[in-house]
2 protein chains.
Amino acid sequence: MTDSPRPRARGADKRRRLTAAAARVLHEQGVERTTLADIAHAADVPVGNVYYYFKTKDDLVQAALSEHSAHLAELTGRLDELPDPRERLKALVETWIGQRDVAARFGCPTGTLAVELDKRADGTLDLEAGKVIGQLVDWAESQFRELGLPGPHDLAITFVAAYQGMSLMANALREPGIMTREGARLIDWLDSLAATGDRVPAPADPTGS
Amino acid sequence: MTDSPRPRARGADKRRRLTAAAARVLHEQGVERTTLADIAHAADVPVGNVYYYFKTKDDLVQAALSEHSAHLAELTGRLDELPDPRERLKALVETWIGQRDVAARFGCPTGTLAVELDKRADGTLDLEAGKVIGQLVDWAESQFRELGLPGPHDLAITFVAAYQGMSLMANALREPGIMTREGARLIDWLDSLAATGDRVPAPADPTGS
DNA sequence: GTCTATATCTAGATAGAC
DNA sequence: GTCTATCTAGATATAGAC
């Protein structure tokens with residue numbers, strides 16, 4: 001508030017570098033196998049200096065999750081500019097297919113983080129990754145609702161589950177082609193929706209599809 | 001070799017207990033967060049004694065994977081007694097739904113293990129969990145082939161990916177209901193197959209499963 | 001604000017007594 | 001064959017010099 005002569009100019013830069021490095025390295029190596037030295041080295045910051053910007057390792061994990069969340073928000077924000085909700089969903093699948101090589105090597109950044117954090121018994125970060133996945137579900141649900149499809153929430157769950165499933169399989173079997181084939185199948189599924197019912201209401205069919 | 005008066009009677013028992021405890025605890029806590037003391041305690045074996053049965057921690061992880069593989073083989077072996085391949089697949093999905101609570105808390109044992117091991121850069125165990133998933137894919141592929149459906153391998157990938165996806169989502173969002181709803185959807189999908197193409201012959205296929 | 005040196009703690013692994 | 005005591009490495013975190 002007082003006139004501080006921007007003493008944190010380079011400091012903020014280092015914090016940003018550490019956050020970006022954490023997001024990348026934690027995705028590649030997982031939380032438990034990654035040391036602070038790994039992140040510091042990737043960010044080109046002296047090891048001991050990390051604690052000036054982040055009090056604990058978990059704070060860095062939280063920062064990485066925020067990074068993923070912001071990245072997702074930016075991506076969906078761009079997709080929102082497309083006029084048709086169905087085209088937005090299909091474009092998202094295309095994005096995933098485009099990242100098939102990294103998915104086959106390291107899996108979905110948020111999904112694999114969720115798997116690892118869910119193993120925690122203490123209530124520290126075990127649900128934080130789930131929130132980011134929930135953010136994606138919410139966005140997808142909005143698209144399905146805008147399309148007038150019945151059960152938009154369940155459709156969104158199915159949609160995101162398909163992405164997580166194909167990412168895990170591509171990763172476990174080290175086959176990027178799984179992303180391509182399952183992605184195409186997912187797009188077909190999006191196209192098939194409402195082709196059956198067409199009209200909006202859908203009397204009383206909670207099962208959908 | 002000589003007539004040893006079964007000195008390994010209790011020894012073999014302890015090894016079995018350690019393997020079973022490893023499978024359970026590694027599923028619940030993950031590999032990196034689980035200590036040898038955790039496994040020893042769960043197996044009711046003194047901590048230092050573990051090394052008499054397993055040279056390294058990774059040996060215990062491998063033993064847990066073998067346990068999961070054997071469990072899967074036993075399960076599919078029972079399903080193979082059903083006359084119709086489609087019923088076998090549907091019965092498997094029912095089994096998964098029946099385990100929804102543990103899936104929502106800890107995820108699929110093999111799938112979460114695969115996610116964690118895939119993060120390893122060294123070539124130690126990073127592909128071992130993928131082999132167990134491949135074992136499931138192979139079994140499912142046999143069923144689809146026996147049904148005379150085109151592209152049985154890809155169908156098997158889709159099938160297992162759906163399972164992994166719904167397990168991960170149920171786990172990340174802590175909602176067992178996802179297993180129920182997505183499981184029902186998966187069964188509907190199985191029923192819908194071949195409704196399109198009707199089955200092309202494959203009348204007497206000697207290779208079939 | 002930045003960084004080095006170091007304290008502390010934990011877990012994997014081993015030596016050797018019983 | 002069983003178990004205890006201990007060694008050692010490495011990682012988080014801190015104290016304090018610059």
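The legends below describe close-up views of a predicted two-chain model.

This is a predicted model in which local features need pLDDT of at least 70 and side-chain atom pairs count only at pLDDT 80 or more, while totals for chains, interfaces and linings use all residues. Residues are numbered from 1 along each chain as its sequence is written, chains are lettered from A and ligands numbered from 1 in the order in which they are written, and side-chain values use heavy atoms, with hydrogens and water left out.

**View 1. Chain A is built from 10 helices and 0 strands.** Helices (H or I, at least four residues) and strands (E, at least two) are DSSP runs numbered from the N terminus, and the order along chain A reads α-α-α-α-α-α-α-α-α-α. Of the 209 residues in chain A, 48% are buried, where buried means under 20% relative accessible area, exposed over 50% and partly exposed in between, with a 1.4 Å probe and protein chains only. Among the contacts in chain A with a separation of 6 or more, 68% come from residues 24 or more positions apart, a contact being heavy atoms within 4.5 Å. Chain A exposes about 10,200 Å², with 54% of it supplied by carbon and sulfur atoms; these areas come from the Shrake-Rupley method with a 1.4 Å probe, and for residues only the protein chains shown count as cover.

**View 2. Residues 35-54 of chain A carry the UniProt annotation "DNA-binding region".** The annotation comes from an unreviewed entry, and such annotations may be inferred rather than shown by experiment. The span is 60% helix and 0% strand, and its end C-alpha atoms lie 14 Å apart.

**View 3. Chains A and B are superposed by a turn of 180 degrees.** Chain B can be laid on chain A with an RMSD of 0.0 Å and a shift of 0.0 Å along the axis, so the two copies are related as by a two-fold rotation axis. The C-alpha of B:Gly165 is the one in chain B nearest the axis, 1.8 Å from it, and the same surface serves both copies, since 100% of the contact residues of chain B recur in chain A. The superposition is by least squares on the C-alpha atoms of residues with pLDDT of at least 70 in both copies.

**View 4. Helix α7 (residues 109-117) of chain A packs against helix α8 (residues 128-146) of chain A.** Their axes, which are lines fitted to C-alpha atoms over the stretch in contact, come within 8 Å and cross at roughly 145 degrees, with angles running from 0 to 180 degrees between N-to-C directions. The crossing of α7(A) and α8(A) is left-handed, meaning that the near helix is turned anticlockwise from the far one by less than a right angle. From α7(A), A:Thr110, A:Gly111, A:Leu113, A:Ala114 and A:Leu117 meet A:Ala129, A:Val132 and A:Ile133 of α8(A).

**View 5. A:His68 lies in helix α4 (residues 57-79) of chain A.** A:His68 counts as buried because its relative accessibility is 15%. Apart from residues up to four places away in sequence, A:His68 touches A:Ala23, A:Pro109, A:Thr110 and A:Leu113, and its C-alpha is 9.6 Å from that of A:Ala20, 48 residues away in sequence.

**View 6. A:Glu28 lies in helix α1 (residues 9-29) of chain A.** With 30% relative accessibility, A:Glu28 counts as partly exposed. Leaving aside neighbours within four places in sequence, A:Glu28 is in contact with A:Phe106 and B:Lys119, and its C-alpha is separated by 8.3 Å from that of A:Pro109, 81 residues apart along the chain.
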